[in-house]
Amino acid sequence: MIVLKSNHISAQAAYRYAYVTENTDTFPIKTITVTTIDPENPGNPSVLYTLPVPDVGPPNYLPFRKALPSPDGKWLALMFSGSAAGWSAAEINIINVATGEVLKVTDKPVILYDDDESTLEYVKLAQWSPDSNYLAIAAWIMDGKLLEGGSKMTTIDFDKLSDDIFLYSIQTRTLIELTHNFAPQTWSAWFVWSPDSQKLAFATQSPTNVRDEYQITLEAFSIADKRRLSVIQIQKASQWARLPLALCFLAWSPDDLYLSFV
């Protein structure tokens, strides 16, 4: 279930609820349909739009996974992901709720950092900036380049993998690489926006010389000039587990001055 601000849909109610259904009867291309419900008239739902499910090469499709409405209610990020023997892929389409305009975050399917070890909320996949100007994602890179996912994936050298934080700009319709992490096997799991949308903080893990132990680091970046503002290494008291469980619930204080975590 999704909650959309209806001032961009209708003036009849303060909010509308929406839900997404996937139709498998439209072979060979599946579709998803976004349907909205006015709380003041719940018996009369209306279809907002119907979209084809992204195709990563027959017979493989990306099933619908999650919908993320922007804070201003104007945009809806629809996330698709799937995997099979030898491949994994994710694709994000951003829809303008009022006009139906569809934006593709990446030209080709990519692999998002998605560690399902935990059900903790806001660990992964994507997050809107509070001002709705950017959608942040953590995507796999190899040799410093965005790794393309899908059924046509070639052999991956896992020793060279890591991830970077990318920003999709609504204003410029471009994908921006915020971090430049060329250290292999270094991963960013938690990433959070400051309340003023001017900074992005994230927790990163990198391997140490001890087996199954990781150094965890907090970093903060300025969005305006893509500049690293601070780097804080978390002091190890014992052998760390992996992110996201080793450091949880990363959050900014309301005044943008402090970061808290468990």
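The chain has a mean pLDDT (the predictor's confidence in each residue, from 0 to 100) of 84, with 87% of its residues at 70 or more. This is a predicted model, so to speak of local features takes pLDDT of at least 70, side-chain atom pairs count only at pLDDT 80 or more, and totals for chains, interfaces and linings use all residues. Residues are numbered from 1 along each chain as its sequence is written, and side-chain values use heavy atoms, with hydrogens and water left out.

Over residues 7-13 pLDDT stays under 50, and the model has 15 contacts (heavy atoms within 4.5 Å) for this stretch beyond four places in sequence.

Strands here are DSSP runs (E, at least two residues), numbered from the N terminus, and two of them pair if DSSP finds at least two bridges between them. Four strands make up an open sheet, ordered E14-E15-E16-E17, with antiparallel pairing. E14 (187-193) and E17 (227-233) sit at the edges with a single partner strand each, so one side of each has no neighbour in the sheet. Strand E16 (residues 214-222) is joined to E17 by six bridges, the two running antiparallel, and Ala220 stands opposite Ser230 in E17.

Aromatic rings of Phe, Tyr and Trp (its six-membered ring) pair if their centres lie within 6.5 Å; planes under 30 degrees apart count as stacked, over 60 as edge-to-face and the rest as tilted. The count by this rule is five aromatic pairs. For Tyr134 and Trp193, the ring centres are 6.2 Å apart and the planes at 20 degrees, so this pair is stacked. Tyr134 belongs to strand E10 (residues 134-142) and Trp193 to strand E14, so the pair ties together parts 59 residues apart in sequence. Both Tyr134 and Trp193 are buried (under 20% relative accessible area, with exposed over 50% and partly exposed in between; 1.4 Å probe, protein chains only).
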